[in-house]
Amino acid sequence: MDFLGGNIMLLDSELKIFLVGIGGVLLAGTCFSIISNAKAKDKENPNLIQSLWLFFYSCFLKPHEGDGKRNQQDALESFYKSQAGAYDATRRGLLRGREDMLALAAAQLTLRAETVDSTSSKKIWVDIGGGTGWNIEAMSQFVDVPTFFDSVYLVDFSPSLCEVARKRFARLGWANVKIVCQDARAFRLEDHEPVLDGGRPRSPEASYYSREQPRHMGANLITMSYSLSMIPDYYSVIDSLTPLLAPNGILGVVDFYVQSQTDVNFRNYTGGLIDRHVNFLGRTFWRAWFDIDRVALEPGRRDYLEYRFGTVLNVNTRNYVLGAIPYYIWLGVRKQGPSSSLSHEIVEKVDALVTESPYLSPTDHSDMLSRAIEKGTPEIRSKAFDAAIVNLSSNLPLPSFFYQNHHYRIYYDDQLKKHTQFNNEYIYAFTWEDTRVDERILKLKPDDVVLAITSAGDNILSYALQGPARIHAVDLNPSQNHLLELKVAAYQSLEYEDFWKIFGEGKHPEFRSLLISKMSPHLSSRAFQYWLSNHRIFTKSQGGLYDTGGSKHGIRIFRWITRVFGCRAAVKALLAAKTLNEQREIWRKRVRPALLSRLVSNLVVSQESFLWTALGVPKNQLAILEADHAVSDAVCGPNPTAKNTRSHAIWQYMVNTLDPMVESTHIAADNPYYLVCLDGKFSQQCHPDYLSAKAHARLSRPQALDNLRIHTDEIEEVLARIGPGSLTVAVVMDSMDWFDPGSDAAASQITKLNRALKMGGRVMLRSAGLKPWYLKEFEKLGFVAKCMGSREDGACIDRVNMYASCWILTKRENIAPPTPDESVNGADISSLDI
């Protein structure tokens, strides 16, 4: 073969590998020379190049031989001794989530300190596998460690890392921090804290589980930051944490993990599964990669942790800076309290609150249940109760909802298809019902018990401002309830300025920080997971809260129409109109011709996919709308102006909605529903009542929202498990329009409404029809109908004017079987305040 250039040969693959190897050796030799020539003082504080080399050498080149003692401490020293001084500098990018875990734990501790007498108890923190003490110093971002904690114990098995920690806290002058170089399995708090009664140290179980012990005995906080995955005998370490943790204490863990969704789909106690699944390639690669450094990522470690403790919060995420390494943050509490009856008591109380049943004290329960059976009234139990009993009988933790600081969010199975169909997206970012009209019609009183559809939660909070005895918020879409939960948590934890930015303007640059450090103790685990994974809704430069959800499609299409027809400036002028007359003029001449054009109706608005995706209009409701149009004067009158087609029906409905609204209400000053659609945010002048400073002051008071219960289920399912005769008001919005006239579904729900309502109780509904077909069903089943508003003759019935009519259905008679006499809830039943 001839070679180009005479004797110059092409480099074959083996020669290339050989040259690369030589280059690697030279590079390694250079780095080794830098390290070996460094002064002794530089080994404690190596520079960046030295730190990176030590990390690379210790993790990938240096054999983990130890000194021949063949124990865990020897192995740890073999790994950490040469890089102890560089540990902190090289782990910041790798060990993500540590600060988030500390912030979450600090938020929980702060809330607990506000609800108990913290002056009579010592606050103790034990950091298992604390290494160099980075976690403890980092905690100072969230609490003042030297004053907040009486004692802090850093427990680690590596003498080299412990020495770095000692120097750290000597420099900081934190005398309450104690370094314990010890196997975590052998750590006992009574070896370091005063022993009760002046006696000798007792076993952990006797010390921490004895009923005579004060509640403050034990550690208020235990943390494990990337240490659980490095402990070979993790079972015994996790077991030792149970007696170490105080009854009201928090356990916080952050660590690497890999797991398939098939391992956990059937568990109801994990606190949610958002982003928990790691695909096959990821599971295989990361387990093999970390196994090089004896870091074990098998799922059993996390599984056992979740089995031994009750889950409070749970986060699954990725370190995208270094190849999307999976890691989790987990907060938990004792699975059961000092007595086994505590879990049962919590289940009974929550069940009573959900079902509007009386809470029976253990001494009264048997007698009252017997009397109920004699009266032919079966005991009503919630789905939360059913799930809890299954878990308790199997020695499993309760579902995470039971371990929350507030019990307003009720347990639901998030893996059911009826919940997953929404694909983790809410439809409504704001509520379309005029709360001012609701308040005028309902006139809620302190003894009212209200059931209402959640939607975006605005109406629920408006009802709360009126102070009823209880509010049951119901929505099948979990994300709609997540949105309501976020608003409730914001009331309980944020100042009005931050509250307004999030829900008034729909944006807050510090939303993620506020979510973790302020709102997290007031959220259920699933709601917290949801908002943490979607925090960019509030932090991105474009859009915001009110440009999200299914309804965003309608808003975006409206913006597109205004651009295409060149009337974007007219919309801005409409919002800037100082008077109603000025607004009318702009609407008639500049906006209406584009928005209400036949072209837009034919091509966009009348499409069934658009109606459902953007406006939430199902086909049965569309049929009601078309049926009214078919008999309207526009089609059947002496001078018809429209055809009996879908596009004409939709166009006419839009005309009847928008024209009266624009002619009757001043959008910029007093119509927040259309203001947010047009401007993407509310204003200080024009907003829903729940966003006012006065509302925030009222609903941010302690226990202000303890009367709220949030159900993630169908209305019919919730009604079936609420005590008969317990509701006084049910607000079902336009949900009755969704039923098929050819099925028995509507009659079934109306029957359950009759059963759940007291005599004289009211159902409030809105409809796309002027006189919907199911009113006759209500009248057959014990209700009397009264129209509270109708869009006939161009009337505007409220500031939204989206529905053709509004109705009140009042219960006038029971249907078989009769609603039990309310006197069954006698004085011998214990009342419950929670």
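Which residue forms a salt bridge with glutamate 137? The legends below, which describe a predicted model, begin with this pair.

**Figure 1. Salt bridge between glutamate 137 and arginine 171.** The partner of glutamate 137 is arginine 171, with the closest N and O atoms 3.9 Å apart. The two residues belong to distant parts of the chain, 34 residues apart: glutamate 137 sits in helix 7 (residues 134-138) and arginine 171 in helix 9 (residues 159-172). Glutamate 137 has a relative accessible area of 24% and is therefore partly exposed, while arginine 171, at 58% relative accessibility, counts as exposed. In total, the structure holds 36 salt bridges.

Figure 2. The closest N and O atoms of aspartate 303 and arginine 267 are 2.8 Å apart. Because aspartate 303 lies in helix 13 (residues 300-308) and arginine 267 in the loop between strand 5 (245-256) and helix 12 (280-291), the pair ties together parts that are 36 residues apart in sequence. Both aspartate 303 and arginine 267 are buried.

**Figure 3. Helix 13 and its cover.** The buried residues of helix 13 include Arg301, Arg302, Tyr304 and Leu305. Among the elements that cover the buried residues of this helix are helix 11 (234-244), strand 5, strand 6 (309-319) and strand 7 (325-334).

**Figure 4. Surroundings of threonine 270.** Threonine 270 is located in the loop between strand 5 and helix 12. Its relative accessibility is 2%, so threonine 270 counts as buried. Apart from neighbours within four places in sequence, threonine 270 is in contact with Arg276, Glu306, Thr311 and Asn314.

Figure 5. The strands follow the order 3-2-1-4-5-7-6, with mixed pairing. Strand 3 (177-181) and strand 6 stand at the edges; each has a single partner strand, so one side of each is left without a neighbour in the sheet. On average, neighbouring strands are turned by 15° against each other, direction ignored.

**Figure 6. Strands 2 and 3 with helix 9.** Strand 2 (residues 151-156) and strand 3 run parallel and are joined by five bridges. Tyrosine 153 stands opposite lysine 178 in strand 3. Helix 9 lies across both strand 2 and strand 3, at about 170° to strand 3.

**Figure 7. Nonpolar cores and the contacts of tryptophan 531.** The largest nonpolar core has 183 residues, and those with the most contacts inside it are Val126, Phe149, Phe256, Phe503, Met519 and Trp531. Helix 32 (residues 646-664) contributes the largest share of this core, nine residues. Not counting residues up to four places away in sequence, tryptophan 531 touches Tyr426, His482, Leu483, Leu486, Phe511, Leu515, Ile537 and Phe538. A second, separate core of 29 residues includes Val732, Phe739, Leu757 and Phe778.

**Figure 8. Salt bridge between glutamate 716 and lysine 752.** The side chains of glutamate 716 and lysine 752 meet at 3.0 Å, N to O. Glutamate 716 belongs to helix 36 (residues 715-720) and lysine 752 to helix 37 (residues 745-756), so that distant parts of the chain, 36 residues apart, are linked. Glutamate 716 is partly exposed, with a relative accessible area of 21%, and lysine 752 likewise counts as partly exposed at 26% relative accessibility.

Conventions:
Residues are numbered from 1 along each chain as its sequence is written. This is a predicted model: local features need pLDDT of at least 70, side-chain atom pairs count only at pLDDT 80 or more; totals for chains, interfaces and linings use all residues. Side-chain values use heavy atoms; hydrogens and water are left out. A salt bridge is a side-chain nitrogen of Lys or Arg within 4 Å of a carboxyl oxygen of Asp or Glu. Helices (H or I, at least four residues) and strands (E, at least two) are DSSP runs, numbered from the N terminus. Buried means under 20% relative accessible area, exposed over 50%, partly exposed in between (1.4 Å probe, protein chains only). Contact means heavy atoms within 4.5 Å. A nonpolar core is a set of buried Ala, Val, Leu, Ile, Met, Phe, Trp, Tyr and Cys residues joined through side-chain atoms within 4.5 Å. Two strands pair if DSSP finds at least two bridges between them. Axes are lines fitted to C-alpha atoms, for helices over the stretch in contact, and angles run from 0 to 180 degrees between N-to-C directions.
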